Amino acid sequence: MVDLMRTFVFRNSKQTYTGIPIMVANMDTVGTFEMAKEMTKHAMFTAIHKHYSLEEWKLFAASHPECLEHVAVSSGSGKADLDRLTSILEAIPLIKYICLDVANGYSEHFVEFVKTVHAKFPNHTIMAGNVVTGEMVEELILSGADIIKVGIGPGSVCTTRIKTGVGYPQLSAVIECADSAHGLKGHIISDGGCSCPGDVAKAFGAGADFVMLGGMFAGHDQCAGEVLEKNGKKVKLFYGMSSDMAMKKHAGGVAEYRASEGRTVEVPYRGDVETTILDILGGLRSTCTYVGAAKLKELSRRATFIRVTQQHSQVFS
């Protein structure tokens, strides 16, 4: 049996993590407490979205303390975000992980915010992003972050590349950023770009320590939102956190100075997430077997990448 568990010691927090390093994205459709309960059963991780109240967090922590090893509190980089983050972490000391998440990690303000949070919570492991280049990975690690979130534009409901022309091919970003992070004993999360278990394996093969998924976990019972019926088929809504829908829901609308950078889609209703989890983990174990890796830890040393024109045969698709 291939061993998918990893153990990491983080550079700045000095904390130790043990688990299967696949994460649910902190999007409000998938990064839910219900998802965290299911992921924890498999020693997988959930970055909880930032729109739960302190009371909801307390209730979750009291009823599911076993999940607190495998969840992060998400936060933006404003003063209100910091106040909310502080209130949750002070109320629930067992939470170890913080996910500082902005669409564009390339700002002095964000770097300063990472420094502030690290100074305030030096023993918490900080995830920070998103960025796509080695220099910025190094800057954030040296500012106090432990795990850098890598990906601009690859998400299934992300339209940043279309609306702004900004982005970076995900595989190239992961290869470059992993190299920079590991040189400083830091870690990275490959965030976005996976649409099948094979893509998850490629992200690990390229050097990612963690792989974050949104769309692949959408449409399940554990996701937020109602099951809708469209043309006789059951669907659930899934949307980007920079989409019109997310901004109307959480900020009262799209600010005049910016564009929506996400889309809202109807994904087929897919039942319990357990089936999808087993599919991803089974695929990853098979990957390791094909390339001769007895453990997930060895996968990046066994992987070779070859450029192709298509990923799989389209004959019967």
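Start by selecting Leu 171, which is found in helix α7 (residues 170–183); helices here are DSSP runs of H or I with at least four residues, strands are E runs of at least two, and both are numbered from the N terminus. This is a predicted model, where local features need pLDDT of at least 70 and side-chain atom pairs count only at pLDDT 80 or more, while totals for chains, interfaces and linings use all residues. Residues are numbered from 1 along each chain as its sequence is written, and side-chain values use heavy atoms, leaving out hydrogens and water.

At 37% relative accessibility, Leu 171 counts as partly exposed (buried is under 20% relative accessible area, exposed over 50%, partly exposed in between, with a 1.4 Å probe and protein chains only).

**Next stop: the aromatics**

Select Phe 8, Phe 10, Tyr 17, Phe 45, Tyr 97 and Phe 210, which form one aromatic cluster. The structure holds 11 aromatic pairs (ring centres of Phe, Tyr or the six-membered ring of Trp within 6.5 Å; planes under 30 degrees apart are stacked, over 60 edge-to-face, the rest tilted). Phe 8 and Tyr 17 make a stacked one, 6.0 Å centre to centre with 15° between the planes. Phe 8 with Phe 210 is tilted, because the planes sit at 55°, with the centres 5.3 Å apart. That pair links distant parts of the chain: Phe 8 is in strand β1 (residues 6–9) and Phe 210 in strand β10 (residues 210–213), 202 residues apart. Phe 8 and Phe 210 are both buried.

Stay on β10. Which way do its side chains point? Phe 210 and Met 212 go one way, Val 211 and Leu 213 the other, and all are buried. Show the partner strands too: β3 (residues 22–24) pairs with β10 in the parallel sense over 3 bridges, and β9 (residues 187–191) also pairs with β10 in the parallel sense over 3 bridges. (Pairing takes at least two DSSP bridges between the strands.) Ile 22 stands opposite Val 211, while Ile 189 stands opposite Phe 210.

**Last stop: charged pairs**

Side chains of opposite charge can pair when their charged atoms come close. A salt bridge is a side-chain nitrogen of Lys or Arg within 4 Å of a carboxyl oxygen of Asp or Glu, and the count comes to 9. Pick Lys 96 and Glu 69, whose closest N and O atoms are 3.2 Å apart. Lys 96 is in the loop between α3 (79–91) and β6 (97–101), Glu 69 in the loop between α2 and β5 (71–75).

Then jump to Lys 79 and Asp 83, bridged at 2.8 Å, N to O; both lie in helix α3, 4 residues apart, about one turn of the helix. Lys 79 is exposed, at 64% relative accessible area.

Finish at Asp 199 in helix α8 (residues 197–205). Buried or exposed? Asp 199 counts as buried, because its relative accessibility is 12%. Its salt bridge with Lys 202 spans 4.0 Å, N to O.
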